[in-house]
Amino acid sequence: MELDIGEEDLRFEEEVLQAPYRLKGWLRYIEHRREGPARALTIVYERAVAKLPGSYKLWNGYLRHRVGLVRDKNPVRHEEEMRKTRLCFERALLALHKMPVLWLMYARFLGRQPDVTQARRCFDRALRALPVTQHAAVWAEYLRFARRVGGVTAERVFRRYLQLWPDQAEQYVDWCVEKGNWRMAAAQLIKLLDDPGFKSPRATSSPYRLWRQLAQIIRHHPDVGLDVEPVLRDGIARFGEQAGELWTALANFFIVRGHIERARDVFEEAVGSVSTVRDFALVFDAYAEMEEASIAGAMEDEVQQSAGEGAGDARRRQLQLDLRLLQLERLMDRRPVLVSDIMLRQNANDVDAWLRRAELWRARADDVAQDETERARAADLVVETYEDAVRRVD
């Protein structure tokens, strides 16, 4: 490449010819040429790095100049120019392989090319060439590249990263959730929760937040291929006072699989064991929603199959529908008593709570005054409530 030299360039030419190994002369010449044609600036840069191949300042400016020339060009249609730029980076890194800025610039440039393998290999080379104390900056860029590329490449990059920085596992979980890889997200969360030494670097994170995230994944994506029930029951045992979401996730796991009776058993166990009104409201609403959905499904089946069937089948379906309606009705009737159970589990010495409970049963006796059996049963429960209160209140 030849450079067209004008009269205004002569003094710069004389300076670099007289002192070719003096950096300031080249920098002044480069600054003078910056407003001119890009080709002329490229020639000056080439002459400069040929004389001072170990100058970080020259190479940094030159590489930025070369990247700027091809930034808006199609990498496929201008492959030859991309190749020349890659060669410039390789030449620079022969002498300056300990400079993380040049490695990151090279990796970003390659990351915009169709062949992601070149970028991945560049990151790997950077990690081998740079000291461990400078790896953090490389990994930050490497993970951004992995998120953008996705697929098997991203998964392998994250796994390598977690081998070195296991406390950053939540980044991997976030990526799995972002990509819809629910199986891997759940598996990684379980791994974190089983590790007693794991401490999240995030100020807003806590073991309970991780359990909630796992519960939400299982609730909305139950087919994660994990042994769900023991996992969730472990979380319920650990966070008994905040287990509402875990209970509903476990019940939903059975609902999705069509095991309605198992789900009903879970809900019954939950409403009998939660210790806060918030958790009770969460579980009870989900329980009632399941019963309502079951009734709606039974009604739809009856409408669709009523024609052309025997009287016995119709009667059987009607009995099933009546049973489900009765179950929902009884559930709603039990709500005040279940809330009373929670208040007494929180504080068995609350006299007012005992009196309110007795009043509930007394009101029930009045409501069923026409049914002698139910009225006698409600009256017995009033007596039992007072007896329990006398026995348990300190």
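Which helix does Gln-213 lie in? Helix H12, residues 207-220. Helices here are DSSP runs of H or I with at least four residues, numbered from the N terminus.

A quick word on the model. It is predicted, so local features need pLDDT of at least 70 and side-chain atom pairs count only at pLDDT 80 or more, while totals for chains, interfaces and linings use all residues. Residues are numbered from 1 along each chain as its sequence is written, and side-chain values use heavy atoms, with hydrogens and water left out.

Back to Gln-213. Is Gln-213 buried or exposed? Gln-213 is buried, because its relative accessible area is 16%. The cut-offs: buried is under 20%, exposed is over 50%, and partly exposed is in between, with a 1.4 Å probe and protein chains only. Leaving out residues up to four places away in sequence, Gln-213 touches Val-173, Asp-174, Val-177 and Leu-189. Touching means contact, that is, heavy atoms within 4.5 Å.

Now Gln-188. Gln-188 sits in helix H11, residues 182-193. Gln-188 has 11% relative accessibility, so it counts as buried. What does Gln-188 touch, not counting residues up to four places away in sequence? Leu-162, Ala-169, Tyr-172 and Val-173. Note Val-173: Gln-213 touches Val-173, and Gln-188 touches Val-173 too.

Helix H12 also holds Arg-209. Arg-209 is partly exposed, because its relative accessible area is 26%. Take Arg-209 and Asp-322: they are 113 residues apart in sequence, and 41 Å apart in space, C-alpha to C-alpha.

Patches use residues with over 30% relative accessible area and no salt bridge; like charges are joined within 9 Å, and nonpolar side chains (Val, Leu, Ile, Met, Phe, Trp, Tyr) within 5 Å. A salt bridge puts a side-chain nitrogen of Lys or Arg within 4 Å of a carboxyl oxygen of Asp or Glu. Areas come from the Shrake-Rupley method with a 1.4 Å probe, and for residues only the protein chains shown count as cover.

Which residues gather in the negative patch? Glu-329, Asp-333, Asp-366 and Asp-367. Asp and Glu count as negative, Lys and Arg as positive; His and the chain ends are not counted. Each charge is placed at NZ of Lys, CZ of Arg, CG of Asp or CD of Glu. Helix H17 (311-346) and helix H18 (351-367) each supply at least two residues of the patch. Glu-329 is in helix H17. Glu-329 counts as partly exposed, because its relative accessibility is 49%.

Last, the nonpolar patch. Val-351, Leu-355 and Tyr-386 make a surface patch of about 260 Å². Leu-355 lies in helix H18. Leu-355 has a relative accessible area of 45%, so it is partly exposed.
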